[in-house]
Amino acid sequence: MPATLSFPVDTPGGPRTARIVHERRGTGRPLVLLHGVGHHWQAWEPVMDILALDRDVIAIDLPGFGASDPLPAGIPYDLGGVIPVLGALFDALGVERPDVAGNSLGGLIALELGRVGLVRSVTALSPARFWSDAERRYAFGVLSAMRTGARTLPEPVVAWLARSAAGRAALTGAIYARPTRRSPAAVVAETRALREAVGFEATLAAGGAGLFTDDMPDVPVTIAWGTRDRLLPRRQGVRAKHVIPGARLVRLPGCGHVPMNDDPALVARVILDGSR
């Protein structure tokens, strides 16, 4: 069952309390999992039990997403705002320099956590900010259209659509290569999470601020990209390799933008190999 953790964070207006929901399973060296924009920790459900055979796995709802509270007032939804909150979360969880894996927005955050030395290894699945300007506009347009659909469609209609393979493809085909593998309940839940994501617009606005341009020579980095990623094309992985020459670049055959659903065994293996 997910747990809720409250902990203090510094803000321009003084100390405030952040509240983060997380799911924790397994034993071993800590491994933190970070989802993408508009998603929730359940995006990692297909791989969690595999990872938990070897690791203390902690999947979190990022601030302003899933069941977590928004960021406290005065903290922006950019890397400079989110990273210190996650550092305080690690302290509250009792983990020091965990391994981290992230997808999309979570992949970008994972790379930044590595850059500032808060984690011991990074696995980034289709991380953001290795795009051209045209690719960024396209991705933001798709995400915004998904958000509009999630906010417009009544939940009974979403539930009806999710019962069929065609309906699940219509709702989630932009992020999954194999959307029919998602259960109807999972599709309904993630559509609700997208609809209710209070940090969505602010995160997209912050996400347009430049590219990720820093190498991380002291932190092992794995960058993995699905060959059927329709949101952030896999050529962005080549750019990421140029920016971080020491990174291991891995192809995920047949996987889309959120690959944990498309090939759980492969994604789990890539994460475990990268964190070893």
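This is a predicted model: local features need pLDDT of at least 70, side-chain atom pairs count only at pLDDT 80 or more; totals for chains, interfaces and linings use all residues.

Guide: Residues are numbered from 1 along each chain as its sequence is written, and side-chain values use heavy atoms, with hydrogens and water left out.

Visitor: How much space lies in the largest cavity?

Guide: Rolling a probe the size of a water molecule over the atoms shows where empty space is left. On a 1 Å grid over the protein atoms alone, a cavity is a set of points where a 1.4 Å probe fits but cannot get out, while a pocket is an open set with protein on both sides within 12 Å along at least five of seven lines; lining residues have an atom within 4 Å of a point. Grid points are joined across faces, edges and corners, and a volume is the space filled by probe spheres set on the points. Here the largest cavity holds about 280 Å³, and the structure has 1 cavity of 30 Å³ or more.

Visitor: Which helix gives the most to the lining of the largest cavity?

Guide: Helices (H or I, at least four residues) and strands (E, at least two) are DSSP runs, numbered from the N terminus. H8 gives the most, with 4 residues. By class, this lining has 19 nonpolar, 4 polar and 2 charged residues; Ala, Val, Leu, Ile, Met, Phe, Trp, Tyr, Cys and Pro count as nonpolar, Asp, Glu, Lys and Arg as charged, and the others, Gly among them, as polar.

Visitor: What volume does the largest pocket have?

Guide: About 330 Å³. Of its 22 lining residues, Met146, Leu171, Ile175, Glu190 and Leu194 are the closest to the centre. Helix H4 (133-152) gives the most to this lining, with 4 residues.

Visitor: In what order do the strands form the sheet?

Guide: Two strands pair if DSSP finds at least two bridges between them. In this model, 8 strands make an open sheet with mixed pairing, ordered S1-S2-S4-S3-S5-S6-S7-S8. Strand S1 (3-11) and strand S8 (248-252) are at the edges with a single partner strand each, so one side of each has no neighbour in the sheet. From one strand to the next, the twist averages 25°; axes are lines fitted to C-alpha atoms, for helices over the stretch in contact, and angles run from 0 to 180 degrees between N-to-C directions.

Visitor: Is strand S6 mostly covered or uncovered?

Guide: In a regular strand the side chains alternate between the two faces of the sheet. Strand S6 (residues 121-125) is mostly covered, with 5 of its 5 residues buried, where buried means under 20% relative accessible area, exposed over 50%, partly exposed in between (1.4 Å probe, protein chains only). Ser121, Thr123 and Leu125 are on one side, with Val122 and Ala124 on the other. Strand S5 (residues 99-103) runs parallel to S6, joined by 5 bridges, and aspartate 99 stands opposite serine 121.

Visitor: Where is methionine 260 found?

Guide: Methionine 260 is in helix H10 (residues 259-262), and counts as buried because its relative accessibility is 0%. Its contacts (heavy atoms within 4.5 Å), leaving aside neighbours within four places in sequence, include Trp44, Asn103 and Leu125.
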